[in-house]
Amino acid sequence: MGTTKNNNNNFNSTSKSDNSANDNKNNTRVVLNVYDLTPLNNYLYWFGFGIFHSGIEVHGKEYGFGAHDFPASGVFEVEPRKCPGFVYRCSVTLGQVNMHPSEFRTFIEGIANEYHGDTYHLISKNCNHFTDDMSHRLSGKRIPGWVNRLAKLGSLCSCLLPEVVEVTTVKQLPEYHECSEDEITECLSTASPCGSQSTSGLDDDQEKRLLSPLASKTDNVSFVKEAPLK
């Protein structure tokens, strides 16, 4: 009897240890990584303003949202704090989530269905709106208000936006999304309102800073494929 009881206790202890190990493996921090889009942020930041890009870091990868002219995922992943074309500023820990990496992958692919590149809009649906939505779904918290304050002000008065940030669309097709030549031509000729703005007023360096990481296929950026619609 004593031996059986001891064996049961050992089994229960082992089960608890296994569950604890699994919980530790699934538990991950939700981190907001913030980047500067302009050197002006060094001055604007102290007044609670700035022109920022942000990404959400989960399970060792960072996820962001960018623009292109096609009805396909605009959600991409990069190495944390190394988003090409932007200058890393700081990280903000938003909380933790207990979610297996495969479960999170299903989650982010579902999100990609809601964030197509051709729906990107500087004022109403930009990269910071994406990270705020992600943060709320994963941790129940919102990102700090200063990260997207410029867009909120712009929704009240677009004249407050610096001219350099009024470009919102990158005419690049995600590599995994197959389109015919006719479809691409049609997409480009019927661009969304946020894609109709000209980049002619920007020099190459400004355009690269603003539009990266989607502006160059040489950058280490991978688009997140969308989950199949049921």
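Predicted model: local features only at pLDDT ≥ 70, side-chain atom pairs only at ≥ 80, totals over all residues.
Student: Which residue forms a salt bridge with R105?

Tutor: A salt bridge here is a side-chain nitrogen of Lys or Arg within 4 Å of a carboxyl oxygen of Asp or Glu. The closest N and O atoms of the R105 pair are 2.6 Å apart, and the partner is E77. The pair links distant parts of the chain, with R105 in helix α3 (residues 101-112) and its partner in strand β4, 28 residues apart; helices (H or I, at least four residues) and strands (E, at least two) are DSSP runs, numbered from the N terminus. With a relative accessible area of 15%, the buried member of the pair is E77.

Student: What is the relative accessibility of E114, and which residue is its salt-bridge partner?

Tutor: E114 counts as partly exposed, with a relative accessibility of 39%. Its salt bridge has its closest N and O atoms 2.6 Å apart and is formed with R137. E114 lies in the loop between α3 and α4 and its partner in helix α4, so the pair ties together parts that are 23 residues apart in sequence.

Student: Which residue meets the side chain of D36 in a salt bridge?

Tutor: A search of the whole structure finds eight salt bridges. One of them joins the side chains of D36 and R89 at 2.8 Å, N to O, and this pair links distant parts of the chain, D36 in strand β1 and R89 in strand β5, 53 residues apart. D36 is buried, with a relative accessible area of 10%.

Student: In what order do the six strands of the open sheet stand?

Tutor: Two strands pair if DSSP finds at least two bridges between them. By this criterion, 10 bridges join β1 to β5, six bridges connect β1 with β2, three join β2 to β3, and four join β3 (residues 61-65) to β4 (residues 75-78). The pairing in the open sheet is antiparallel, and the order is β5-β1-β2-β3-β4-β6.

Student: Why is one side of β5 (87-98) and of β6 (222-223) left without a neighbour in the sheet?

Tutor: The order of the open sheet is β5-β1-β2-β3-β4-β6. β5 and β6 stand at its edges, so one side of each lacks a neighbour, because each has a single partner strand.

Student: Which residues of β2 point the other way from F52, S54, I56 and V58?

Tutor: In a regular strand the side chains alternate between the two faces of the sheet. β2 is mostly covered, seven of its seven residues being buried. F52, S54, I56 and V58 point one way, and the residues that point the other way, likewise buried, are H53, G55 and E57.

Student: Which residue in the turn of the β2-β3 hairpin has a positive phi?

Tutor: At this end of the strands, the bridge partner of V58 in β3 is K61. The hairpin has two residues between β2 and β3, and the turn residue with a positive phi, about 50°, is H59.

Student: What is the area of the nonpolar surface patch that includes F47?

Tutor: Patches are made of residues with over 30% relative accessible area and no salt bridge, like charges being joined within 9 Å and nonpolar side chains (Val, Leu, Ile, Met, Phe, Trp, Tyr) within 5 Å. Accessible areas come from the Shrake-Rupley method with a 1.4 Å probe, and for residues only the protein chains shown count as cover. F47, in the loop between α2 (41-44) and β2, counts as exposed at 65% relative accessibility. Together, L40, Y43, L44, W46, F47 and F49 make a patch of about 760 Å².

Notes. Residues numbered from 1 in each chain as written. Heavy atoms only, no water. Buried < 20%, exposed > 50% of the residue type's maximum accessible area, 1.4 Å probe, protein only.
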